[in-house]
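Subject: A structure to look at, with notes

Dear colleague,

I am handing over the structure below, together with some notes on what was found in it. Please keep it open beside you while you read, and find each residue as it comes up.

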Amino acid sequence: QVQLEESGGELVQTGDSLRLSCELSGRTFIDVSMGWFRQAPGKEREFVASIAWTGATTYYADSVKGRFSISRDNKKNMVYLQMNSLKPEDTAVYYCAGSPQTAQGLSRGNVDFWGRGTQVTVSS
């Protein structure tokens, strides 16, 4: 019903910036909060950022506050994650996520829709 597709992941160096994109498609009559999660090898999938239907409210993991910024363009059915001052610890597969519930709920792992992920690698 709701499909998500990420893009933009690539190999970068420490301190670089990168923007990930997520395109929403499929028919739905429910407004969705959107977010990003990531999973590194040997690690649990963790929350990164989320944004409300209107874009007025955002949430961030402590590890990315001040460095990452989530935004959305509902006219284009797009969600973005701007990542600045990247660190090797940011290396992971990044997943776009959606939920008909709140952005706060999404930040707590309440996810209904997942993208297939895009690889971000930050070299030392």
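Rings of Phe, Tyr and Trp, the last taken by its six-membered ring, count as a pair if their centres lie within 6.5 Å. With that rule in hand, please note that this is a predicted model, and that in it ring pairs link F37, F47, Y95 and W114 into a cluster.

The aromatic cluster

By this rule the count comes to three aromatic pairs. F37 counts as buried, since its relative accessibility is 5%, whereas W114, with a relative accessible area of 36%, is partly exposed. Y95 and W114 also form an edge-to-face pair, with 6.3 Å from centre to centre and 85° between the planes. Here Y95 lies in strand β9 and W114 in strand β10, so the pair ties together parts that are 19 residues apart in sequence. Y95 has a relative accessibility of 13% and therefore counts as buried.

Which residue places its charged end over the ring of Y95? That residue is R45, whose charged end sits 3.7 Å from the centre of the Y95 ring, and R45 also lies over the face of W114, at 4.6 Å from the ring centre.

Strand β4 and its partners

Strand β4 (residues 33-39) is mostly covered, in that six of its seven residues are buried. β4 pairs with strand β9 (residues 92-99) in the antiparallel sense over seven bridges, and within this pairing S33 has S99 as its bridge partner. Five bridges join β4 to strand β5 (residues 46-51), again with the two strands running antiparallel, and there W36 stands opposite A49. β4 and β5 form a hairpin with six residues between them, and G42 in the turn has a positive phi of about 75°.

The nonpolar core

How many residues does the largest nonpolar core have? The core has 31 residues, and those with the most contacts inside it are M34, W36, L81, M83 and Y94. The elements that give two or more residues to this core are β3, β4, β5, β7, β8, β9 and β11 (118-123). Leaving aside neighbours within four places in sequence, Y94 is in contact with a list of residues that includes W36, F37, L81 and M83.

The four-stranded sheet

An open sheet of four strands has the order β1-β3-β8-β7, with antiparallel pairing. Its edge strands are β1 (3-7) and β7 (68-73), each of which pairs on one side only, and the twist averages 20° from one strand to the next. Six bridges join β7 to strand β8 (residues 78-83), where the bridge partner of R72 is V79.

R19 is found in strand β3 (residues 18-25) and counts as partly exposed because its relative accessibility is 47%. Not counting residues up to four places away in sequence, R19 touches S7, G8, Y80, L81 and Q82. From C-alpha to C-alpha, R19 and V79 are 10 Å apart in space, although 60 residues apart in sequence.

With best wishes

Notes:
Residues are numbered from 1 along each chain as its sequence is written. This is a predicted model: local features need pLDDT of at least 70, side-chain atom pairs count only at pLDDT 80 or more; totals for chains, interfaces and linings use all residues. Side-chain values use heavy atoms; hydrogens and water are left out. Two strands pair if DSSP finds at least two bridges between them. Axes are lines fitted to C-alpha atoms, for helices over the stretch in contact, and angles run from 0 to 180 degrees between N-to-C directions. Buried means under 20% relative accessible area, exposed over 50%, partly exposed in between (1.4 Å probe, protein chains only). Contact means heavy atoms within 4.5 Å. A nonpolar core is a set of buried Ala, Val, Leu, Ile, Met, Phe, Trp, Tyr and Cys residues joined through side-chain atoms within 4.5 Å. Rings of Phe, Tyr and Trp (its six-membered ring) pair if their centres lie within 6.5 Å; planes under 30 degrees apart count as stacked, over 60 as edge-to-face and the rest as tilted. A charge sits over a ring if NZ of Lys or CZ of Arg is within 6 Å of the ring centre and within 35 degrees of the ring normal.
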